[in-house]
Amino acid sequence: MNTALVTAIGSFSADIVIKNLKKGGFRVVGCDIYPGEWIADSGNVASFYKVPLATDERRYVDSILKICREEQAKVMIVLTDVEVDVWNRHRDELALASVTLCLSSEETLLLCRDKMELYRFLVEKGIGNPIPTLELSETDPERLSYPAVIKPFNGRSSQGLRYIHSLDEMKGFLECGGLKGLIVQPFYQGSVITVDVVRQADTGESVAVCRKELLRTPNGAGTSVLVFLDSILEAVCREIANALNINGCVNFEFIQAEDGSYHMLECNPRFSGGVEFSCMAGYDCVTNHLRCFTGEAIEPSKGITSMYIARKYEEYIMGSKKQFP
């Protein structure tokens, strides 16, 4: 039985990833930066490890490599953007340990994780109808439309995002300095649309599952959604995935404006927090993600059903106080 290591198993996507890996015959090992008694899914893996923050890069990498050796892990699935960035820099070390990193290529990840470069790429290719994006440090505030959105070029989960409502507010923000790495976009009123896309790079085959986020957490995770079919948007997503040379499962985010048009916001090159919605609607993104790294053909999109899905939180007893310090 092959062993898969799943990182950050306190993440929204962890539950379905672990369940479907186990259904596929994998022995699953998990890790997180928090203790196991704080993480509900720590009880659903064969072994659990507490690891350093990924921002403590060398310690984190060494810790993961040690786990891979001890558990004889052959596959690693990364669930957060900061870990995507780290392993994109250290993928050779995983290869030397005979561990398959289930992420797209280095070039693809660098492009997807840089919102400024992704915007330029999409404009050059003439696809995705992306939201106009500028480097804040090189922008004339008087030529912007307001409200405007400021965010890090490589941000995640709405961290560092700020809304600027007027020219005077923007001038005050600019006077504070610290503009390096920030981008600015116009604020588009509309619905957030997330599309889980699975693409097999060897064959070019891909599947897109669309959903409208009806309720979201402050960090941008959908809690109530409508999965829907839209052949035009699905075709756009497949075109973008081909242009980016995506391999495996990623998620694209769009804003659907009031006139119904779609404007691409970003690509998160890992499972979305709501990937279980797509699985419930009829497409197993987890199993097909793995097939992209084993050379197997992915399943076609037949059977995806439009539906409303809501997420709830559930409590688990992780042990008594006597068991833990």
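Tutor: Start with E142, which is exposed, with a relative accessible area of 56%. Keep in mind that this is a predicted model.

Student: What does E142 form a salt bridge with?
Tutor: The partner is K171, and the closest N and O atoms are 3.6 Å apart. This pair links distant parts of the chain, with K171 in helix α7 and E142 in the loop between β6 and β7, 29 residues apart. K171 counts as partly exposed, at 33% relative accessibility.

Student: How many salt bridges are in the whole structure?
Tutor: A search finds 18. One of them joins K115 to E266, with the closest N and O atoms 3.4 Å apart. K115 is in helix α6 (residues 115-125) and E266 in strand β14, so this pair ties together parts that are 151 residues apart in sequence.

Student: And K115 and E266, buried or exposed?
Tutor: K115 is buried, with a relative accessible area of 8%. E266 counts as buried too, at 13% relative accessibility.

Student: What about R120, what does that pair with?
Tutor: R120 forms a salt bridge with E117, and the closest N and O atoms are 2.5 Å apart. The two are three residues apart in helix α6, so about one helical turn separates them. R120 is partly exposed at 36% relative accessibility, and E117 is partly exposed at 35%.

Student: Which residues are linked in a network of salt bridges?
Tutor: D196, R211, E213, R216 and E253.

Student: Switching to strands. How many residues of β10 are buried?
Tutor: Nine of its 11 residues are buried, so strand β10 (residues 190-200) is mostly covered.

Student: Which strands does β10 pair with?
Tutor: β10 pairs with strand β13 (residues 248-257) in the antiparallel sense over 10 bridges. I193 stands opposite F254 in that strand. Eight bridges join β10 to strand β11 (residues 205-216), and these two also run antiparallel.

Student: What do β10 and β11 form?
Tutor: They form a hairpin with four residues between them, and G204 in the turn has a positive phi of about 80 degrees. The bridge partner of Q200 in β11 is E205.

Student: Back to F254. Which ring does F254 pair with?
Tutor: The four aromatic pairs in the structure come in here. Take Y60 and W87 to begin with: their ring centres are 5.8 Å apart and their planes at 55 degrees, so that pair is tilted. F254 pairs with Y262, with centres 6.4 Å apart and planes at 75 degrees, so the pair is edge-to-face. F254 counts as buried at 1% relative accessibility, and Y262 is buried with a relative accessible area of 18%.

Student: Y60 and W87, buried or exposed?
Tutor: Both are buried. W87 is one of the buried residues of α3.

Student: Why is α3 called largely enclosed?
Tutor: Seven of its nine residues are buried, so α3 is largely enclosed by the rest of the structure. Those buried residues pack against α2, β4 (73-77), α4 (91-96), β5 (100-101), α5 (106-112) and β14 (262-268).

Student: Last one. Which residues form the nonpolar patch on the surface?
Tutor: L161, Y163 and F187, with about 250 Å² of accessible area together. L161 is in the loop between β7 (148-152) and β8 (162-164), and counts as partly exposed at 31% relative accessibility.

Definitions and conventions:
Residues numbered from 1 in each chain as written. Predicted model: local features only at pLDDT ≥ 70, side-chain atom pairs only at ≥ 80, totals over all residues. Heavy atoms only, no water. Patch = residues over 30% accessible without salt bridge, like charges linked within 9 Å, V, L, I, M, F, W, Y side chains within 5 Å. Areas by Shrake-Rupley, 256 points an atom, 1.4 Å probe, with all protein chains shown as cover. Salt bridge = Lys/Arg side-chain N within 4 Å of Asp/Glu carboxyl O. Buried < 20%, exposed > 50% of the residue type's maximum accessible area, 1.4 Å probe, protein only. Phe/Tyr/Trp six-rings, centres within 6.5 Å; stacked < 30°, edge-to-face > 60°. Pairing = 2+ DSSP bridges. Contact = heavy atoms within 4.5 Å.
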